[in-house]
Structure formats: structure tokens, C-alpha cells
Amino acid sequence: MHTIVQDFRKYVDELPSLIKKSSFKSSGIISKTGIPKASFYEKLKSGKFSLLEIEKISKVIFMEQEIDRVLRQSEKDIEAGRIKEFKL
């Protein structure tokens, strides 16, 4: 249990860096999470997001990673000839 808490604390500490590294603009994260703009920037600076806010931000940030993963897999499928043609 202690390890889980330590890992969470480390993640929370790294969250501002993850937000900055994200391809999403802060305005996009603000829009998707519903966190008021002023609160978002204040909490980003202080690192004091609520658990619910951390969950919402994480969903947005990791959505980006999932999109990247799917795109990489799609490129591999194309290279391997695993394609489907669709007729409109």
C-alpha cells in the first residue's frame, strides 16, 4: 500500500511536467476537464490539483498517448499489408 501512495505522490509531482510535454494546449486541457482557467493555472503552478481534477487531466493526457499508440499500430499494419478497403 505504501508503494502505491509513493507512486501516486510521484505522479502528482510530475503532473505539471506531463501537462507541459503534452501535445494538447493548456486551453484544450482546460476545455476538456472543465477546470476554470484561473484555477487551472494557479493549481498548475502550486501543484495542488484535487483528486478529481488529476483524474480528468490524466484522461486527457493519456488519451493522447492512446492515439499515438493506435497510429503507430496502423502504420505497422499498412507496412505489413493488413489493410481494408472501404467503398463509399
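**Note on helix packing and salt bridges**

1. The axes of helix H2 (residues 26–33) and helix H3 (residues 37–46) come within 10 Å and cross at roughly 115°. Axes here are lines fitted to C-alpha atoms, for helices over the stretch in contact, with angles from 0 to 180 degrees between N-to-C directions. Helices are DSSP runs (H or I, at least four residues), numbered from the N terminus.

2. This is a predicted model: local features need pLDDT of at least 70, side-chain atom pairs count only at pLDDT 80 or more, and totals for chains, interfaces and linings use all residues. Residues are numbered from 1 along each chain as its sequence is written, and side-chain values use heavy atoms, leaving out hydrogens and water.

3. Back to the crossing. H2 passes H3 in a right-handed sense; that is, the near helix is turned clockwise from the far one by less than a right angle. On the H2 side, Ser-26, Ser-27, Ile-29 and Ile-30 meet Lys-37, Phe-40 and Tyr-41 of H3. Contact means heavy atoms within 4.5 Å.

4. How many salt bridges does the structure hold? There are three, each a side-chain nitrogen of Lys or Arg within 4 Å of a carboxyl oxygen of Asp or Glu.

5. Lys-43 pairs with Glu-53, with the closest N and O atoms 2.8 Å apart. Lys-43 lies in helix H3 and Glu-53 in helix H4, so this bridge ties together parts ten residues apart in sequence. H4 spans residues 51–79. Glu-53 is buried at 13% relative accessibility, while Lys-43 is partly exposed at 23%. The classes are buried (under 20% relative accessible area), exposed (over 50%) and partly exposed (in between), with a 1.4 Å probe and protein chains only. Beyond neighbours within four places in sequence, Glu-53 is in contact with Ile-35 and Lys-43.

6. Glu-66 and Arg-69 form a salt bridge at 2.6 Å, N to O. They sit three residues apart in helix H4, so about one helical turn separates them. Glu-66 is partly exposed at 38%. Arg-69 is partly exposed at 41%.

7. Asp-77 bridges to Arg-82, the closest N and O atoms being 2.7 Å apart. Asp-77 is partly exposed at 22%; Arg-82 is exposed at 51%.

8. One surface feature remains. Met-1, Ile-4 and Val-5 make a nonpolar patch with about 360 Å² of accessible area together. Patch residues have over 30% relative accessible area and no salt bridge; like charges are joined within 9 Å, nonpolar side chains (Val, Leu, Ile, Met, Phe, Trp, Tyr) within 5 Å. Areas follow the Shrake-Rupley method with a 1.4 Å probe; for residues, only the protein chains shown count as cover. Val-5 lies in helix H1 (residues 2–21) and is partly exposed at 41%.

How values were computed:
Helices (H or I, at least four residues) and strands (E, at least two) are DSSP runs, numbered from the N terminus.
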